[in-house]
Amino acid sequence: MTAGRTAGESGSLGTGFEELWKALAPIGRDDRTGGYHRYSWTPAHRECERWFRDEAERRDLTVEADGNGNLVAWWRPDPARVTGGVVTGSHLDSVPDGGGYDGPLGVVSAFAALDAIRSAGAAESAGGTAGGTAGGAAGGAAGGAEATRPLGIAVFAEEEGARFGVPCLGSRLLTGALEPDRARGLRDTAGVPLTDAMERAGVPVDLGPAPDLLHAPSAFVELHVEQGRALADLGAPVGLARDIWPHGRWRFEFGGRADHAGTAAMSDRHDPMLTYAMTALAANKRARLTQARTTFGRVQVEPNATNAVPSLVRAWLDARAADEPSLDALVEEIRRQAGDRAQRDGTRLEVHPESWTPRVEFDVRLRDRLAARLGSPPVLSTQAGHDAGILAAARIPAAMLFVRNPTGVSHAPEEYAEPADCLAGVDALTAVLTDLLAG
Ligand code: HGY
Ligand code: MN
Ligand code: MN
Ligand code: MN
């Protein structure tokens, strides 16, 4: 598998998409692994936001921000029309050593689709034929009724939750799904408070619901690289999302007694690393038994020395299941087994819920409207959380387009989308936005 190839490197794309992609792709990229380190409000991520603002400015779009770190670049074909627009976009932050497509593909494709729509509109008003900047095909996708609604290109903050632990932090705050006080208490693994990180990055911090940022949108459509192999197995370049599995994160704290790695007899130890390890094993076993998903990550060990039994192990459990009762039962069983193990090891256990996302079914009418426009592509269930899911949970009509990922791998440098499929994604996004903007 070719780690970290980017669309711009492997063959030519439509000019619009390629230029956009080539400007963004090098930012925050680890040349050793091909992965990305774009943690919210760190220099690499701020450079990505600078790229976003530059591309918006180049297009005379009006960039608006809320106090949660979210941005929206607006195109208003009718300056008098501000509400009821269509919003598209995604996120620019990544997991550690993440793939290059998860998030950025949705933002780059949004700009390329807007370019195609505007050049088609210009061509039509000049009596010519539509020609998209994402390649000739997009032009065809862009042809159609004139846009009357505003189009917003959104970048949501801290979607991965890789730095502050809560995924979709920006869209949760925006929609009121997360209390501002809860967010104010968040720190990154270096102990930096969320608000400090935002202020240092020049974000005007005002955490809390910000419905005005989206101006009562009529629809939200997020294009995203597929995080799995369904489209590759089906031989389809583009698909639609049906639903998102319920999922959540729990912070497990295993407390023990620090001691010497050599002189402390094994029978005398109260080793939290042992309790953690057995809990991780139990979680893995339980997920396999129930077709769910469990992962422990963001592990912190204090003191983190090779010759000292630790006093504390802190680890986040990411658990996901096909429905909420199954997820509740899964986490309850893991907590129970962790408690039993802690008793045997003479260690202490605390479990703190960190974030929770209900099962989200995307708006069926909107999904069917997109399906009709796109010739009924495959409709997929996904285990990955997205800002579109948070907006859907807040009753905003939302839909997702997936672009084929031949490796099926995500949150790793191997995440990939072929140039032709990236273009197919832009064409699909252009076609559905053209339809929705005229609606
Ligand atoms: O973790 C997720 O499900 C998403 O990729 N943020
Ligand atoms: Mn994503
Ligand atoms: Mn992700
Ligand atoms: Mn010593």
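This is a predicted model: local features need pLDDT of at least 70, side-chain atom pairs count only at pLDDT 80 or more; totals for chains, interfaces and linings use all residues.
1. D102 counts as buried, at 4% relative accessibility.

2. D102 lies in the loop between β3 (86–91) and α3 (104–125), while E160 lies in the loop between β4 (151–156) and α5 (169–175), so the pair ties together parts that are 58 residues apart in sequence. E160 is likewise classed as buried, with 7% relative accessibility.

3. The unreviewed UniProt entry places the feature "binding site" at H91, D102 and H224. The three positions span 134 residues in sequence, yet no two of their C-alpha atoms are more than 9.8 Å apart, so they gather at one spot. From this set, D102 belongs to the lining of the largest pocket.

4. H91 is located in strand β3 and is buried, at 0% relative accessibility. Its side chain makes a polar contact of 2.9 Å with the side chain of D102. Beyond its sequence neighbours within four places, H91 is in contact with residues including E159, E160, E222, H224 and D387. H224, for its part, is in strand β5 (residues 219–225) and is buried, with a relative accessible area of 1%. Among the contacts of H224, leaving aside neighbours within four places in sequence, are S90, H91, D102, H386 and M400.

5. Ligand 1 is surrounded by D102, E159, E160, Q227, R320, A384, G385 and H411. Polar approaches to nitrogen atoms of ligand 1 come from the side chain of E159, at 3.1 Å, and from the side chain of E160, at 2.9 Å. A side-chain N or O atom of Q227 lies 3.3 Å from an oxygen atom of ligand 1.

6. For "binding site", the unreviewed UniProt entry also lists R249, N307 and R320. These positions span 72 residues in sequence, and the farthest two C-alpha atoms are 35.5 Å apart, so the set does not all gather at one spot. R249 and R320 from this set are part of the lining of the largest pocket.

7. R249 lies in strand β7 (residues 247–255) and is buried, with a relative accessible area of 16%. A polar atom of the R249 side chain lies 2.9 Å from the backbone oxygen of E160. Not counting residues up to four places away in sequence, R249 touches, among others, G161, W316, D318 and H352.

8. R320 is in strand β11 (residues 312–320) and is buried, with a relative accessible area of 17%. Its contacts, leaving aside neighbours within four places in sequence, include W245, H247, R293, Q383, A384 and G385. A384 and G385 are also among the residues that surround ligand 1.

9. A separate remark concerns E199, which is placed in helix α7 (residues 194–200). E199 counts as partly exposed, at 49% relative accessibility. The C-alpha atoms of E199 and A241 are separated by 36 Å, and the two residues are 42 residues apart along the chain.

Conventions. Residues are numbered from 1 along each chain as its sequence is written. Chains are lettered from A and ligands numbered from 1 in the order in which they are written. Side-chain values use heavy atoms; hydrogens and water are left out. Helices (H or I, at least four residues) and strands (E, at least two) are DSSP runs, numbered from the N terminus. Buried means under 20% relative accessible area, exposed over 50%, partly exposed in between (1.4 Å probe, protein chains only). UniProt positions are given in the numbering used here, feature names are shortened, and annotations may be inferred rather than shown by experiment. On a 1 Å grid over the protein atoms alone, a cavity is a set of points where a 1.4 Å probe fits but cannot get out, and a pocket is an open set with protein on both sides within 12 Å along at least five of seven lines; lining residues have an atom within 4 Å of a point. Contact means heavy atoms within 4.5 Å. A polar contact is a pair of N or O atoms within 3.5 Å; within protein, one must be able to donate a hydrogen and the other to accept it, and residues adjacent in sequence count only if both atoms are side-chain atoms. A residue is near a molecule or strand if one of its heavy atoms lies within 4 Å of it.
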